[in-house]
Amino acid sequence: LRRRAFVLAVTTVLVISTGTAAAWYRNPEVEDWRGVTSYLADEARPGDGVLLTPPFVRVPFEYSLEPATAELVEPVFPSYDWGVDPERAIGFVPVEASEVSAAAEPFDRVWLVARSELAEDEQGAARKGLSGNFVPIDVQIFSGVDVTLYERVTTNTS
């Protein structure tokens, strides 16, 4: 009886696992990181900032980032330099609006690179952190990734 129950349990787990894996492979959410980084290579200006949300998307973003583009744009948040331990972003990095606002201060343009339909709280905090000094001027949608260009609001003092 024990052997039969064990075989039944193992078979059940295998059937469920196989079904789940098959469903994922039929319908994977493919993120177009190469498209995103290629777009930035064409559209970014020297000294532009890149804000990644949620922060763990820095790993696939950096993997797809060409060296010339890495020299063109700078990380806003998390703010450590490109190529410096991107695996650190796999863990939980809280995104706070006040931190985003302070980190974006040196930039005139910031590209918000956000994984679509994921971590809405983090995206909201990033957008709120930019909203005080920046306005969104362009949005590009890639498979699984949204890219929004924010420009600093200039005030006329004349």
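Q: Which residues are buried in H5?
A: In H5, the buried residues are Ala97, Val100 and Ala104. Buried means under 20% relative accessible area, exposed means over 50%, and partly exposed lies in between (1.4 Å probe, protein chains only). Helices are DSSP runs of H or I with at least four residues, strands are runs of E with at least two, and both are numbered from the N terminus.

Q: What do the buried residues of H5 pack against?
A: Their partners are S1, strand S2 (73-77), S3, H6, S4 and S5. Contact here means heavy atoms within 4.5 Å.

Q: What kind of model is this, and where does residue numbering start?
A: This is a predicted model, with residues numbered from 1 along each chain as its sequence is written. Local features need pLDDT of at least 70 and side-chain atom pairs count only at pLDDT 80 or more, while totals for chains, interfaces and linings use all residues; side-chain values use heavy atoms, with hydrogens and water left out.

Q: How do you know that the span of helix H6 agrees with its number of residues?
A: The expected span is 1.5 Å times one less than the number of residues. H6 (residues 120-131) has twelve residues, so it should span 16 Å. Its end C-alpha atoms are 16 Å apart, which agrees.

Q: Which residues of H6 are buried, and what makes them line one face?
A: The buried residues of H6 are Glu122, Gln123, Ala125, Ala126, Gly129 and Leu130. Seen down the axis of H6, they fall within an arc of 160°, so they line one face of the helix. Glu120, Asp121 and Lys128 are exposed on the face turned away from the buried side of H6. The buried residues of H6 pack against several elements, including strand S1 (48-53), helix H5 (97-104) and strand S3 (109-115).

Q: Why is Phe6 called exposed?
A: Its relative accessible area is 58%. The cut-off for exposed is over 50%, so Phe6 qualifies. Phe6 lies in helix H1 (residues 2-26).

Q: What makes Phe6, Val7, Val10 and Leu14 a patch?
A: Patch residues have over 30% relative accessible area and no salt bridge; like charges are joined within 9 Å, nonpolar side chains (Val, Leu, Ile, Met, Phe, Trp, Tyr) within 5 Å. Phe6, Val7, Val10 and Leu14 form a nonpolar patch on the surface, with about 380 Å² of accessible area together. Accessible areas come from the Shrake-Rupley method with a 1.4 Å probe; for residues, only the protein chains shown count as cover.

Q: Why is the pair Arg58 and Glu62 called a salt bridge?
A: A salt bridge needs a side-chain nitrogen of Lys or Arg within 4 Å of a carboxyl oxygen of Asp or Glu. Arg58 and Glu62 meet at 2.6 Å, N to O, so the pair qualifies. Both lie in helix H3 (residues 58-64), four residues apart, about one turn of the helix.

Q: Why do Arg58 and Glu62 count as buried?
A: Arg58 has 0% relative accessibility, so it counts as buried. Glu62 has 15%, so it counts as buried too.

Q: What does the salt bridge between Asp108 and Arg152 tie together?
A: Their side chains meet at 3.6 Å, N to O. Asp108 lies in the loop between H5 and S3 and Arg152 in strand S5, so the pair ties together parts that are 44 residues apart in sequence. Asp108 is exposed, with a relative accessible area of 54%.

Q: How many salt bridges does a search of the whole structure find?
A: The search finds five.

Note on methods: Arc of directions from axis to C-beta.
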